[in-house]
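Work through the exercises below with the sequence and the model open. Each task is followed by a solution in steps.

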Amino acid sequence: MASIVSIDASQLLIVDMQSKLSLAMQTEAMQAVTKQVQALAKTAQRLSVPLLLTEQYPQGLGHTLPEILQHAPQAPVIEKTAFSACAAPKFNAKLSRDKSQVILVGMEAHICVLQTAFDLLAQHKQVFVVEDAIISRAPTNHANAIARMREAGCIITNTESVLFEWIGNAQHEAFKDIAKLVR
């Protein structure tokens with residue numbers, strides 16, 4: 001299996017980037033992760049990469065952050081109560097079967113992101129976990145989640161790598177706009 005993101009083979013999954021849940025995160029870390037998720041969502045939209053959003057119990061944890069949602073206006077938002085998105089039938093119905101790669105971002109890294117990653121691997125998806133676009137309340141939980149997902153077979157990557165792997169070349173029409181997102 002290739003270990004580089006392909007624009008034709010990938011889809012972006014934004015897990016539980018919700019308003020009330022975000023308040024439980026360390027402020028600076030949450031701002032940094034939100035910026036990375038925005039860049040990924042904006043680029044996915046520009047390049048027509050399929051995008052899905054999940055919300056964990058939105059009645060209690062709020063809805064997707066508006067600054068994320070603005071870059072994914074057409075993306076399906078799947079409400080769930082199970083920690084793994086894959087345990088929600090509506091999610092599996094929306095997950096693209098013809099895309100072998102899932103770019104995974106969101107929160108919390110050690111709960112919903114991790115359980116979703118493991119279930120996606122079980123579905124034979126190639127899972128790219130964007131380390132600088134996932135967060136947990138405690139940095140130790142984030143680090144543990146990364147280690148577990150890497151050991152399970154996920155590819156650990158970062159926002160800039162995904163963005164530039166999607167376009168593949170500085171001659172791509174979106175290059176200048178994407179370069180501005182990472183400055």
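**Exercise 1.** At what angle do helix 6 and helix 7 pack, and how far apart are their axes?

Solution. This is a predicted model, in which local features need pLDDT of at least 70, side-chain atom pairs count only at pLDDT 80 or more, and totals for chains, interfaces and linings use all residues. Residues are numbered from 1 along each chain as its sequence is written, and side-chain values use heavy atoms, with hydrogens and water left out.

Step 1. Helices (H or I, at least four residues) and strands (E, at least two) are DSSP runs, numbered from the N terminus. Axes are lines fitted to C-alpha atoms, for helices over the stretch in contact, and angles run from 0 to 180 degrees between N-to-C directions.

Step 2. The angle between helix 6 and helix 7 is about 5°, and their axes lie 10 Å apart. Helix 6 is therefore roughly parallel to helix 7 (angles under 35 degrees count as roughly parallel, over 145 as roughly antiparallel, 65 to 115 as roughly perpendicular and the rest as oblique).

Step 3. Contact means heavy atoms within 4.5 Å. Helix 6 contributes A109, H110, V113, L114, A117, F118 and L121, while helix 7 contributes N141, H142, A145, R148, M149 and A152.

Step 4. These contact residues divide into nine nonpolar, three polar and one charged. Ala, Val, Leu, Ile, Met, Phe, Trp, Tyr, Cys and Pro count as nonpolar, Asp, Glu, Lys and Arg as charged, and the others, Gly among them, as polar.

**Exercise 2.** In what order do the six strands of the open sheet lie?

Solution. Step 1. The order is 3-2-1-4-5-6, with parallel pairing; two strands pair if DSSP finds at least two bridges between them. Strand 3 and strand 6 (155–157) are the edge strands, each pairing on one side only.

Step 2. Neighbouring strands of this sheet are turned against each other by 25° on average, direction ignored.

Step 3. Strand 5 pairs in the parallel sense with strand 6 over three bridges, and V130 has T157 in strand 6 as its bridge partner. Strand 4 and strand 5 pair in the parallel sense over six bridges, and V102 stands opposite V127 in strand 5.

Step 4. Eight of the 10 residues of strand 5 are buried, so strand 5 is largely enclosed by the rest of the structure. Buried means under 20% relative accessible area, exposed over 50%, partly exposed in between (1.4 Å probe, protein chains only).

**Exercise 3.** How many salt bridges does the structure hold?

Solution. Step 1. Apply the criterion: a side-chain nitrogen of Lys or Arg within 4 Å of a carboxyl oxygen of Asp or Glu. The structure holds three salt bridges.

Step 2. D16 and K80 meet at 3.0 Å, N to O. D16 lies in the loop between strand 1 (10–15) and helix 1 (19–22) and K80 in strand 3 (residues 77–80), so this pair ties together parts 64 residues apart in sequence. Both D16 and K80 are buried.

Step 3. D177 and R46 meet at 2.4 Å, N to O. D177 belongs to helix 9 (residues 175–181) and R46 to helix 2 (residues 27–47), 131 residues apart. D177 is partly exposed at 36% relative accessibility, and R46 is partly exposed at 40%.

Step 4. R137 and E108 meet at 2.8 Å, N to O. R137 is partly exposed, with a relative accessible area of 42%, whereas E108 is buried at 6%.
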